[in-house]
Amino acid sequence: MSESPQNEPDEFDEIVGAETDRDPDLAVIEAGSRTLRTRSGPAQGDGVPSRPADPELDRALREVEAELAGRWPETKLDPSLVRVEALMDILGSPHRAYPSIHITGTNGKTSTARMIESLLGAFDLRTGRYTSPHVQSITERISLDGAPISAERFIETYQDIRPYVDMVDASQEHRLSFFEVLTGMAYAAFADAPVDIAVVEVGMGGVWDATNVIDAGVAVIMPISLDHTDRLGTTPEQIATEKAGIVKQDATVVLAQQPLEAASVVLKRAVEVDATVAREGMEFGVLSREVAVGGQLLTLRGLGGEYPEVFLPLYGAHQAHNAAVALAAVEAFFGVGSEHARILDIDTVRTAFASVTSPGRLEVVRRSPTVVLDAAHNPAGARAAAEAVTEAFGFSRLIGVVGASGDKDVRGVLEAFEPIFAEVVITRNSTERAMDVDELAGFAVEVFGAERVQVEPRLDDALEAAITLAEEESEYSGAGVLVTGSVITVGEARLLLGRG
């Protein structure tokens, strides 16, 4: 629930007048910037905005979305930064107006970005976060202080940079892509805010990703596995080579647990650019974790020491590892482990993690029966989700709803879920990227057997069918539904089930 307007002056006075004994070396910002955070308001709800209620505003947003959609799709990777660099130059280099933390890897990027953002915000830093893809609204991709920018601000930002986009389009062989324009909008919005730090997730890969015009002091590399193999490579080494491209001269690399061949590539890159490396399992990691109501209780080992009794309201061992990476990244930003041999304020860290949300990542959106959404779209993500669902929920009967994109390893995803799904309902989302239902059903029959597969081309029908199956034999208390296979499928299911 948002604060009432009449309370804002009191909050302002409290922020400006508060004494603090926090170590100045932790780069606590001045009251002026904290005042901006007060004016913008705290992050509300789960950070997934609805469509604008004002018909004219909604129409204007749809026009911007349509113009962006008319460009190269974000799934098309061109090995060049020429266009986005030209845009940055003509905009006055907004990406150099603030420090940044850059995140790449195959899985866990968005959840980790949200955790980093929460930690930085808890330490009174004004944050900008750029992530992709979105769950429901394109405005989710650009956040300030933990909340997506408003539809009005999104439209204004697009209109502000559009003349410069047109100039770059006219000077280049190819127009700027959908993702390149959005990246320009994010960097411009962050400079305009202004933010104290940007948390930036790559779109795809690293070296040639449009986000890689930034010179991040902290580079985070999440677990690397096979995904986008048609664009990034067919082996962990090849993919790691692309992703290691975000590691810049003298940066700190926060390296999540990796296959040996991927880790070797990143470490070689770090040596080449004199980067410092912090490795999960060596310099930091998860010391212990136990399932708790609504999430899990962690003891984390950071770069500066131990952080006990940290509650994380997210499910699964993979989210615990994401939390360890996020903590190490924020410590590295503050100089902990190199300049300072101490932990961050433990109460602030606990408060930050306790407030983390990650929509569409093992998110419960309904009870009786329980319906869970997870955006797993590759085998590694599916295996993590399957383990987490088993650990956290213990369903006696679990029905899967799967709608995948056509360019994914859908067989690998289905095989990961086969041990935990009693039955699976095959469907599709509304986008052109969605895999044909009959093709996906063919893979499902091979993995599950025909008797365990039901096909419902419409997602609303698929959800209804899965809920009905989960309720069979009066197993209300132990039944559940997991909707998965694609961020887009999860986003559309979220809307259908009354979220957003």
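Q: Are Arg-494 and Glu-363 buried or exposed?

A: In this predicted model, both Arg-494 and Glu-363 are buried. Their side chains meet in a salt bridge, with a distance of 2.7 Å from N to O. This pair links distant parts of the chain, for Arg-494 belongs to helix H17 and Glu-363 to strand E12, 131 residues apart.

Q: How many salt bridges does the structure hold?

A: The structure holds 23 salt bridges. One of them joins Asp-169 to Arg-71, whose closest N and O atoms are 2.8 Å apart. Here too distant parts of the chain are linked: Asp-169 lies in helix H6, and Arg-71 in the loop between helices H3 and H4, 98 residues apart. Both Asp-169 and Arg-71 are buried.

Q: Which residues are linked with Arg-51 in a network of salt bridges?

A: The network links Arg-51 with Asp-58, Arg-62 and Glu-65. Within it, the side chains of Arg-51 and Asp-58 meet at 2.8 Å, N to O. Arg-51 has a relative accessible area of 34% and is therefore partly exposed. Asp-58 has 14%, and buried means under 20%, so Asp-58 counts as buried.

Q: What describes two packed helices?

A: Two packed helices are described by the angle between their axes and the distance between the axes. Helices H4 and H7 pack at an angle of about 30°, with their axes 10 Å apart. Angles under 35 degrees count as roughly parallel, and H4 and H7 are therefore roughly parallel to each other. Their crossing is right-handed. Among the residues making the contact are Leu-87 and Met-88 of H4 and Tyr-187 of H7.

How values were computed. Residues are numbered from 1 along each chain as its sequence is written. This is a predicted model: local features need pLDDT of at least 70, side-chain atom pairs count only at pLDDT 80 or more; totals for chains, interfaces and linings use all residues. Side-chain values use heavy atoms; hydrogens and water are left out. Axes are lines fitted to C-alpha atoms, for helices over the stretch in contact, and angles run from 0 to 180 degrees between N-to-C directions. Helices (H or I, at least four residues) and strands (E, at least two) are DSSP runs, numbered from the N terminus. Angles under 35 degrees count as roughly parallel, over 145 as roughly antiparallel, 65 to 115 as roughly perpendicular and the rest as oblique. A crossing is left-handed if the near helix is turned anticlockwise from the far one by less than a right angle, and right-handed if clockwise. Contact means heavy atoms within 4.5 Å. A salt bridge is a side-chain nitrogen of Lys or Arg within 4 Å of a carboxyl oxygen of Asp or Glu. Buried means under 20% relative accessible area, exposed over 50%, partly exposed in between (1.4 Å probe, protein chains only).
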